[in-house]
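Here are my notes on the charged side chains in this model. Please read them with the coordinates open.

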Amino acid sequence: MSRTATRAEAHDADVFTDMLDLVDDLANSAVRQIVSGEEDFAEHALPPQLLHDVVRANIEAILRVVAADTDVGVDAARWAGQVKADHGVPISGLLHGFRLGGLEIWEWAIARAADGERASALLRRSSHFWGTLERFTTAAAEAYRHVTDDREQRERVSRRVALLAVLEGSAAGRGPNGVPGAGAPRALGLPERASYCVVIGEIGAQGADPLPGVAALLDHARIRSAWTTELGERIGLVAAVGEADTEGVLRVVGRAATSRVGLSRPFTSLASAPGAVKEARIAVRCATPPAGVHRYGSAPIDEFVASHAESAGELSESVLEALLTGEAGDAALLETLHAWFAADGSTAEAARQLHCHRNTVLYRMTRIAELTGRVPTRPVDAAELYVALRALRLGVTEE
């Protein structure tokens, strides 16, 4: 290195070295710039002394790096990121504060590099100064994100615990009167007064989310919700207020569903949540695969069948055995029976649905009566046939 270059760098270093004696004044000036130029500080104000201490520590550290060309570490920057994250200052405020502080240091340096030689040397070292500022800014941002990520993780765990306590009706979620504590909706980010319902989506063998993006879709519809995943289920507590009613929840959930999904009946007290979970699970079993949505209460017979699976399976095996086994087994007969019930007992309408002649339907209905020993037009027999058929359609089997 030439003696000329050494002298130039020494002049430049002298500028920053001289400024080390003015750190308090420089920090005061930088704080004024930050507070007046950054709206985030007006909304999320740090204690004045703490803000001054953070700014001063970073200015001094940056000056020492640039003046001595040695690495003093970025602990001051990390401290700034942690403090501002802890006090709710947005990361934009953190970054803007470093930019304003850096500009203040540079303007002071320019003002003290009065003669041409010192000004030229200062300009040559500008990349070192701005590079140092960038390193400090990056370290502060990383520390900020570490704090916020940790906080978000803790909040997610806390919300999950609170949600499970409400859904399970456990003591952790209950107040002194045995009902969910007044803080439960607030802890979950839900309104205190709402029409709640439980939504459960069935997670498939591949583990895919049965309701991808549902929380965002509900938010867009001004419907708040809290979600967790447990043992093959995606479970949500949904809160609709005002115009956002249960029908709105059903529409949104229907758009998001990629698997079988069940909804409970609406309820207004979180004490009813455990019962609503049972309803939603029954509703899942009533949903049409692969991506059907069923609301509990919309099909009482299906729900009865799903909630009494063993008995319903026995009934189905007993009533439909002749249609399911041996040479008499004929899918067309089962399809005809299903169409006949769907057509409210109209042979003509069932024929239209099946794209066959009315006489074909009549023949098949006669065969069903012969094989099962039950006449579909007789109310008691029709009830047994219908329940047995629904059990078969819902996949209910005898255990």
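1. Glu230 is partly exposed, with a relative accessible area of 21%. The terms run as follows: buried is under 20% relative accessible area, exposed is over 50%, and partly exposed lies in between, with a 1.4 Å probe and protein chains only. The partner of Glu230 is Arg160, and the two form a salt bridge with the closest N and O atoms 2.1 Å apart. A salt bridge here is a side-chain nitrogen of Lys or Arg within 4 Å of a carboxyl oxygen of Asp or Glu. Arg160 is also partly exposed, at 37% relative accessible area. This pair links distant parts of the chain: Arg160 sits in helix H8 (residues 126–168) and Glu230 in strand E2 (residues 224–230), 70 residues apart. Helices (H or I, at least four residues) and strands (E, at least two) are DSSP runs, numbered from the N terminus.

2. A word on basis. This is a predicted model, in which local features need pLDDT of at least 70 and side-chain atom pairs count only at pLDDT 80 or more, while totals for chains, interfaces and linings use all residues. Residues are numbered from 1 along each chain as its sequence is written, and side-chain values use heavy atoms, with hydrogens and water left out.

3. How many salt bridges does the rule give? The count comes to 17. Salt bridges with shared partners join Asp24, Arg56, Glu60 and Arg64 into one network.

4. Asp24 belongs to helix H2 (residues 23–37) and Arg56 to helix H4 (residues 48–68), so the pair links distant parts of the chain, 32 residues apart. Asp24 is partly exposed at 39%. Arg56 is partly exposed at 26%.

5. Glu60 and Arg64 form a salt bridge at 3.0 Å, N to O. Both lie in helix H4, four residues apart, about one turn of the helix. Glu60 has a relative accessible area of 21%, partly exposed. Arg64 is partly exposed too, at 39%.

6. Is Glu233 buried or exposed? Glu233 is buried, with a relative accessible area of 17%. Glu233 is found in strand E3 (residues 233–240). The side chain of Glu233 makes a polar contact with that of Arg281 at 3.0 Å. A polar contact is a pair of N or O atoms within 3.5 Å; within protein, one must be able to donate a hydrogen and the other to accept it, and residues adjacent in sequence count only if both atoms are side-chain atoms. Leaving out residues up to four places away in sequence, Glu233 touches Ile200, Gly201, Ile203, Thr228 and Arg281, where contact means heavy atoms within 4.5 Å.
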